[in-house]
Amino acid sequence: VSYGVEWVEVAAGGVAGVGAPSVVWCVSEESDVPSSVRVLTGRVLEVVTGQAAEPVVFATRPGDVAAGAVWGLVRSAQSEQPGRFVLAEVEEGFSDWGRVIATGEPQVRVAGDKILVPRLARRGQESRQDLEQISGAVLVTGGTGGLGALVARRLVERHGVRELVLVSRRGADAPGAGELVAELSGLGADVRVAACDVADRRALAALLDEIPSLGGVVHTAGVLDDSVVEGLTPER
């Protein structure tokens, strides 16, 4: 059985006596996505670590790629401080924020005169034919780590991937790399393990040049430096 998120219409008016919210627009003003992400998440962080008494709505626009980072950061803040923050995806010119707040929902999309909210929905029994099949090689950064190994297995077992490139700083010398390759090979995949620091642009470019049939990339590499939202800084 599979589940997914569906956006369903909800009526406003569920919450009474809520004051006017403070609205923080989080819209990309630069064409460079990484720069926009840094600017917008910095703006969000400044607000969520503040002491605003009124509810705060973080407003984004449909199709804004950098807004995904805003939603991720605000969702984390919502889990730590329930009731303080609302995420709203709205069209340019929208101003009926009281209606958004009155739903009592932490995340909304406004489409025309409708307010939509996310709900988990059952989608029935999933078959292999229902899954998107991926052709070509798939590169997994952090591919020899715990999360990377889980992703690699799913790509092979559920999405029919038959060529994998698992990248990590230590490559084949990483703990468990040999066992992982043997397991994935036993499932029918052609697996290559490469040592590469993906933060090194030249090294990464050279590696990509060696994969002419690249069909996809999954990033699971990372360095853990976690904290509650109030302890975060732009550098972190």
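**Exercise 1. In which strand is leucine 120 found?**

Solution. 
- Start with the ground rules. This is a predicted model, in which local features need pLDDT of at least 70 and side-chain atom pairs count only at pLDDT 80 or more, while totals for chains, interfaces and linings use all residues. Residues are numbered from 1 along each chain as its sequence is written, and side-chain values use heavy atoms, with hydrogens and water left out.
- Helices (H or I, at least four residues) and strands (E, at least two) are DSSP runs, numbered from the N terminus.
- Leucine 120 sits in strand E6, residues 114-122.
- Now check its cover. Buried means under 20% relative accessible area, exposed over 50%, and partly exposed in between (1.4 Å probe, protein chains only).
- Leucine 120 has 67% relative accessibility, so it counts as exposed.
- Leu120 also belongs to a nonpolar surface patch with Tyr3 and Val5, of about 360 Å².
- Patch residues have over 30% relative accessible area and no salt bridge; nonpolar side chains (Val, Leu, Ile, Met, Phe, Trp, Tyr) are joined within 5 Å, like charges within 9 Å.

**Exercise 2. Describe the protein chain as a whole.**

Solution. 
- Count the elements: the protein chain has 6 helices and 10 strands.
- Box the C-alpha atoms along the principal axes: roughly 60 × 45 × 30 Å.
- Look at burial: of the 236 residues, 36% are buried.
- Turn to contacts (heavy atoms within 4.5 Å). Among contacts with a separation of 6 or more, 71% join residues 24 or more positions apart.
- Finish with charge. There are 22 positive and 32 negative side chains, and the centres of the two sets lie 4 Å apart. Lys and Arg count as positive, Asp and Glu as negative; His and the chain ends are not counted. Each charge is placed at NZ of Lys, CZ of Arg, CG of Asp or CD of Glu.

**Exercise 3. Is serine 36 buried or exposed? What does serine 36 contact?**

Solution. 
- Locate serine 36: helix H1, residues 33-48.
- Read its relative accessible area: 3%, so serine 36 is buried.
- Skip the neighbours within four places in sequence. Serine 36 then contacts Ser28, Glu29, Glu30 and Ala66.

**Exercise 4. How many salt bridges does a search of the whole structure find? Work through three of them.**

Solution. 
- Apply the cut-off: a side-chain nitrogen of Lys or Arg within 4 Å of a carboxyl oxygen of Asp or Glu.
- The search finds 5 salt bridges.
- Take glutamate 89 and arginine 109. Their closest N and O atoms are 3.5 Å apart. Glutamate 89 is in strand E4 (residues 85-89) and arginine 109 in strand E5 (residues 107-111), so the bridge ties parts 20 residues apart in sequence. Glutamate 89 is buried at 18%; arginine 109 is partly exposed at 31%.
- Take arginine 153 and glutamate 183. The closest N and O atoms are 2.7 Å apart. Helix H4 (residues 146-159) holds arginine 153 and helix H5 (residues 177-186) holds glutamate 183, so the pair ties parts 30 residues apart in sequence. Arginine 153 is partly exposed at 25%, and glutamate 183 is partly exposed at 33%.
- Take arginine 192 and glutamate 210. The N to O distance is 2.5 Å. The pair links distant parts of the chain, 18 residues apart: arginine 192 is in strand E9 (residues 190-195), glutamate 210 in the loop between H6 and strand E10 (214-219).

**Exercise 5. Where does aspartate 173 lie?**

Solution. 
- Aspartate 173 is in the loop between strand E8 (163-168) and H5.
- Its relative accessible area is 61%, so aspartate 173 is exposed.
- Pair aspartate 173 with glycine 112, 61 residues away along the chain: the C-alpha atoms are separated by 55 Å.

Definitions and conventions. Areas by Shrake-Rupley, 256 points an atom, 1.4 Å probe, with all protein chains shown as cover.
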